[in-house]
Amino acid sequence: MRGESGIVPAVAGGLLLGVFTNLAQGWLPGSWNQIANSGAVWSAAAFATGALLYRRASVVRAVIGGLAAEISLVVGYYGYAEYGYGRDGMGALYWPLLWLGMACVAGPLFGAAGHWWRNGLNPARRVAGLAAFAGLFGMEGLHYAWILHYAPQAWACFACSVLLSLSMARTHKERALTLGAAVAFSFLAYALVMLPLGGL
């Protein structure tokens, strides 16, 4: 697919995932509903955009596509919260604006990560792209374990991090490198994202 034509499905996919994650919070029982509101799940939109829609385009186009997907996801999520049937509205603009700001960081990063994983001729880029994405689930697992004390959700996120690292890497060597890098990225992302957010 040409890079130019990827923007429409990136935006559509982002909007749909935003609505779906909003709905899923009502479908999932108890504290499991936080999984739908996970930064790792949300960043999957940008990663998939870079990996699937922009696999034959330049990384710059993957960055733009990832940005479009993540902004659309936030718009879909809060748009449904505001106008969807049976919802109480999105409330104050603080959180939508905060997540739009986060989308402007995560979208380009994980659009590039998806492109590097799928298209990278350099093994180091493939490992870094996949490990960054898997590390987000590790970050979520740390948050569930240390802050929220939701052990089942923590184990589910850790399992996702490991499974992504092992199932999506190309060779045994890349699997081992990705898994190790994902652990490092988990702690780095926790320090850079979760700790500042916890102070808000």
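Colleague: What relative accessible area does Arg126 have?
Modeller: This is a predicted model, in which local features need pLDDT of at least 70 and side-chain atom pairs count only at pLDDT 80 or more, while totals for chains, interfaces and linings use all residues. Residues are numbered from 1 along each chain as its sequence is written, and side-chain values use heavy atoms, with hydrogens and water left out. Buried means under 20% relative accessible area, exposed over 50%, and partly exposed in between, with a 1.4 Å probe and protein chains only. Arg126 is buried, at 10%.

Colleague: Which residue forms a salt bridge with Arg126?
Modeller: Side chains of opposite charge can pair when their charged atoms come close. The term salt bridge needs a side-chain nitrogen of Lys or Arg within 4 Å of a carboxyl oxygen of Asp or Glu. A search of the whole structure finds 1. Its closest N and O atoms are 2.4 Å apart, and the partner of Arg126 is Glu174.

Colleague: How many residues apart in sequence are the parts that this pair ties together?
Modeller: Helices are DSSP runs of H or I, at least four residues, and strands are runs of E, at least two, numbered from the N terminus. Arg126 lies in H6 (residues 123-148) and Glu174 in H8 (residues 172-198), so the pair joins parts separated by 48 residues.

Colleague: Is Glu174 buried or exposed?
Modeller: Its relative accessibility is 8%. Glu174 therefore counts as buried.

Colleague: At what angle do the axes of H3 and H4 cross?
Modeller: Two packed helices are described by the angle between their axes and the distance between the axes. Axes are lines fitted to C-alpha atoms, for helices over the stretch in contact, and angles run from 0 to 180 degrees between N-to-C directions. For H3 (residues 39-53) and H4 (residues 59-83), the axes come within 8 Å and the angle is roughly 150°.

Colleague: Is H3 roughly parallel or antiparallel to H4?
Modeller: Under 35 degrees counts as roughly parallel, over 145 as roughly antiparallel, 65 to 115 as roughly perpendicular, and the rest as oblique. The crossing angle of roughly 150° therefore makes H3 and H4 roughly antiparallel.

Colleague: Phi of which residue other than glycine is positive?
Modeller: Most residues other than glycine have a negative phi. The residue here sits in the loop between H6 and H7 (151-168). With phi near 60°, it is His149.

Colleague: What relative accessibility does Gln153 have?
Modeller: Gln153 is in H7. Leaving aside neighbours within four places in sequence, Gln153 touches Ser31, Trp32, Ile35 and Tyr144. Gln153 counts as buried, at 2%.

Colleague: How far apart in space are Leu200 and Gly180, C-alpha to C-alpha?
Modeller: Leu200 is in the segment after H8. Leu200 is exposed, with a relative accessible area of 53%. In sequence, Leu200 and Gly180 are 20 residues apart; in space the separation is 31 Å.

Definitions and conventions. Contact = heavy atoms within 4.5 Å.
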